[in-house]
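Please look through the sequence and the model before reading on.

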Amino acid sequence: MTVNEINIPFYVKAILVIMGLLAFFFTLYIAQSIIIPLVFATILGIVLLPALNLIIKLKVHRVVAIASVMFLTFSIIALFGILLYSQASRFTESLPKLVDKFTQILNQLVFWISGYFDISAYEITQWITKTKNELIGSAEIGQTLVSVGSILAFLFLIPVYVFMILFYQPLLVEFLHRLFGENNRDKVSEIISQIKTLIQRYLLGLLFEVIIISFLYTIGLLVLGIEYALILGILGALLNLIPYLGSIIAASMPMIIAIVTKPSPWFAVLVLALYIFIQFIDNNFIVPKIVASKVKLNALASIIAVITFGALWGIPGMLVAIPLAAIAKLIFDQIKPLQPWGFLLGDNRPDS
């Protein structure tokens with residue numbers, strides 16, 4: 001009896017699959033400091049590949065071409081960072097006054113609650129202090145983002161990885177061809193090509209989304225007369241890339257500014273209404289037409305992917321969850337035994 005003729009019971013297959021998934025996700029968790037920079041670098045390398053190939057066609061040496069593309073890319077990122085910094089510096093200069101005014105408003109609110117509900121103002125203040133300390137103490141994601149290791153990984157490792165991935169791209173592609181055998185060479189080439197196209201189109205869609213949302217936020221805040229509209233609009237669009245938490249944080253910042261700088265609390269309500277309206281436009285028109293159409297994932301798969309990678313890698317995991325799930329679906333669709341899983345992740349519902 002050959003190996004192919006052995007019938008493995010279904011429950012044994014299920015146990016093996018579950019054990020394999022547990023081992024896979026455990027590896028992703030314990031090796032996140034190595035894997036996360038590699039994932040971001042690979043995605044960035046795929047995005048830069050068309051520009052690199054265009055320069056190489058001009059008979060430019062590969063090293064010079066890679067250096068040129070990376071210099072241009074990181075120069076654009078640096079200019080964007082300078083813009084944000086210049087806007088943020090204006091906000092920082094006014095921060096002490098904003099904090100003082102917010103503290104006055106908070107004290108007035110505490111005394112109003114104390115008188116209305118007959119609760120000691122001291123008890124309310126103690127509860128606010130305790131809650132604030134617990135939130136700060138449990139903010140593991142924020143501590144991770146500002147840790148020295150994360151800064152080094154994103155400021156040093158990613159550019160190095162991007163350079164190496166672009167330089168050794170032919171070697172990596174040939175490795176995949178040899179790994180899966182000569183008979184599967186065409187299939188591997190097709191999958192690689194589809195992954196490149198998917199990542200490039202998805203990130204281009206995200207870029208358009210950020211530009212549109214930044215414009216809508218900024219114009220809306222300017223119309224309402226909210227200070228620091230530009231920086232709040234750009235930050236809101238960037239935070240919008242973080243599922244669930246991002247939109248809440250994005251809306252809370254201009255609401256606080258409105259409460260502190262405007263004479264009426266209704267301005268904060270108007271800001272909230274503005275952000276809810278723009279989120280409605282984003283979720284129902286921009287994302288389905290510009291972003292989600294590139295990945296072909298259903299909403300359930302997207303939510304599970306975001307929650308899973310968020311639990312594994314925090315905010316960086318949330319950012320890469322959708323493209324990684326889309327890549328997994330693409331690979332599943334090309335491998336016959338795994339096609340049911342690709343169908344499960346897809347957005348094609350069968351007729352009921």
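## Basis of the report

This is a predicted model, in which local features need pLDDT of at least 70 and side-chain atom pairs count only at pLDDT 80 or more, while totals for chains, interfaces and linings use all residues. Residues are numbered from 1 along each chain as its sequence is written, and side-chain values use heavy atoms, with hydrogens and water left out.

Helix 12 covers residues 299-313, and its 15 residues reach 21 Å from the first C-alpha to the last, close to the 21 Å expected at 1.5 Å a residue; the expected span is 1.5 Å times one less than the number of residues. Helices here are DSSP runs (H or I, at least four residues), numbered from the N terminus.

The buried residues of helix 12 are Ala301, Ser302, Ala305, Val306, Phe309, Gly310, Leu312 and Trp313, where buried means under 20% relative accessible area, exposed over 50%, and partly exposed in between, with a 1.4 Å probe and protein chains only. Seen down the axis of helix 12, these buried residues fall within an arc of 160 degrees, so they line one face of the helix; the arc is taken from the directions from the helix axis to the C-beta atoms. On the other side of helix 12, Ala299, Leu300, Ile307 and Ala311 are exposed. The buried residues pack against helix 1 (10-30), helix 2 (32-56), helix 13 (315-334) and helix 14 (339-345), with contact meaning heavy atoms within 4.5 Å.

## The ends of helix 12

At the start of helix 12, a side-chain oxygen of Asn298 comes within 3.1 Å of the backbone nitrogen of Leu300. Just after helix 12, Gly314 takes a positive phi of about 75 degrees.

## Salt bridges

The whole structure holds 4 salt bridges, each being a side-chain nitrogen of Lys or Arg within 4 Å of a carboxyl oxygen of Asp or Glu. In one of them, Arg178 meets Glu174 with the closest N and O atoms 3.2 Å apart; the two lie 4 residues apart in helix 7 (residues 169-179), about one helical turn. Arg178 is exposed at 66% relative accessibility, whereas Glu174 is partly exposed at 25%.

Glu174 also forms a salt bridge with Arg185, at 2.9 Å between the closest N and O atoms. Arg185 lies in helix 8 (residues 185-224) and Glu174 in helix 7, so this pair ties together parts that are 11 residues apart in sequence.

Asp333 and Lys329 meet in a salt bridge at 2.6 Å, N to O. Asp333 is partly exposed, at 28%, while Lys329 is buried, at 12%. Elsewhere, salt bridges that share partners join Glu174, Arg178, Glu182 and Arg185 into one network.

Conventions. Polar contact = N/O pair within 3.5 Å; in protein donor to acceptor, adjacent residues only side chain to side chain.
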